[in-house]
Amino acid sequence: MTRHLLTIFDLSQKDIESLLIRAGELKAMQKEGIEFLPLRGKTLGLLFEKQSTRTRLSFEVAALQSGAHSIYLSPHQIQMGRGEELRDTARIFSRYLDGVVIRTYEHTMIEEFSRNSAIPVINGLTDLHHPCQILSDMLTILEKKGCLTGIRLAYIGDGNNVANSLIECASFMGIHVRIATPEGYEPDKMIIGAAVQKAKETGASIEILRDPFEAAAGADVVYTDVWTSMGQEEEEEKRRNIFKNYQINRELMKMAGTDAIILHCLPAHRGEEITDDMMESPQSVVFDQAENRLHMQKALLEMLMGNRKQ
């Protein structure tokens with residue numbers, strides 16, 4: 001049976017732990033200059049409806065460093081842009097490729113594609129989920145803090161796809177998450193409900209708050225994302241006003257303590273969700289976080305396209 005990664009809940013806790021270990025091993029091998037080509041002769045498709053820097057780069061480089069070839073496609077470069085049915089595109093991809101990363105808007109699109117795909121489908125981002133980002137974030141937290149269980153994480157800002165996948169992963173790994181967001185911008189209710197149920201097994205906790213300072217109090221990790229994501233540009237001015245108090249700045253970080261780290265999935269809008277001095281502060285690990293996208297993508301491709309068992 002073909003295995004896909006559409007949400008964090010497509011994985012088990014054991015899968016996540018194994019991916020973290022493997023990504024760390026692959027990172028160390030690369031730093032030591034050890035060539036490892038588990039995907040030699042395979043081809044990865046990248047079907048992107050949304051623009052991307054880190055997701056595209058990390059998957060293309062991950063494929064190359066694993067011995068695979070990658071092909072980048074937008075809907076306008078293929079017949080999909082002229083109305084070819086998605087199920088037909090999925091079937092054709094399955095005859096040529098060994099795996100596909102899709103970055104799109106509607107989560108239902110990637111679900112339909114996966115139902116008609118005989119090759120692994122990896123969610124490179126939808127409006128509802130961003131699982132690959134969060135898995136690499138877990139690697140960064142593990143590297144910087146030495147553990148995941150019991151970590152206190154404050155997420156400040158829009159309850160978007162990043163927040164949704166963060167909640168899911170935290171519930172598996174025993175992390176205490178506080179989301180500070182304005183009313184009406186909370187993470188998806190169904191995802192919160194499923195994550196809360198899972199958290200009962202692991203000791204994790206999930207709180208939705210309004211006050212960013214309350215969320216940041218005593219946090220080990222403080223995380224944010226842009227106030228206006230792709231596809232929401234028409235709401236930019238409105239969102240800038242609504243989220244103006246949901247910013248990682250010097251005053252907020254005083255609540256979190258001197259050893260707290262700052263995460264941002266990038267791109268950052270300095271002066272909006274995070275100040276320039278906090279982006280450049282010793283507490284910021286956002287570029288280590290960005291690098292870890294590469295190493296986690298290699299572990300994911302090996303798991304889904306290679307023969308490695310978790």
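1. Let's start with strand β3 (residues 99-103): five of its five residues are buried, so the strand is largely enclosed by the rest of the structure. Buried here means under 20% relative accessible area, with exposed over 50% and partly exposed in between (1.4 Å probe, protein chains only). Strands are DSSP runs of E with at least two residues, helices are H or I runs of at least four, and both are numbered from the N terminus. Cover comes on both faces of β3: Gly 99, Val 101 and Arg 103 are buried on one side, Val 100 and Ile 102 on the other.

2. Before going on, a word on the source. This is a predicted model, in which local features need pLDDT of at least 70 and side-chain atom pairs count only at pLDDT 80 or more, while totals for chains, interfaces and linings use all residues. Numbering runs from 1 along each chain as its sequence is written, and side-chain values use heavy atoms, leaving out hydrogens and water.

3. Now the neighbours of β3. Strand β1 (residues 43-48) pairs with β3 in the parallel sense over five bridges; two strands count as paired if DSSP finds at least two bridges between them. Gly 45 has Val 100 in β3 as its bridge partner. Strand β4 (residues 121-125) also runs parallel to β3, joined by four bridges, and Val 101 stands opposite Ile 122 in β4.

4. There's another sheet to look at. Five strands make an open sheet with parallel pairing, in the order β7-β6-β5-β8-β9. β7 (205-209) and β9 (261-264) are at the edges with a single partner strand each, so one side of each has no neighbour in the sheet. Strand β6 (residues 176-180) and β7 are parallel and share five bridges; Ile 179 is bridged to Ile 208 in β7.

5. On to helix packing. Helix α5 (residues 131-145) packs against α12 at about 115°, and their axes are 8 Å apart (axes are lines fitted to C-alpha atoms, for helices over the stretch in contact; angles run from 0 to 180 degrees between N-to-C directions). The α5 residues that meet α12 include Leu 135, Ser 136 and Leu 139, and their α12 counterparts include Asn 292, Met 296 and Leu 300; contact means heavy atoms within 4.5 Å.

6. Last, the nonpolar cores, meaning sets of buried Ala, Val, Leu, Ile, Met, Phe, Trp, Tyr and Cys residues joined through side-chain atoms within 4.5 Å. The largest has 57 residues, and among those touching the most other members are Leu 135, Met 138 and Met 296. A second, separate core has 23 residues, including Ala 216 and Tyr 246.
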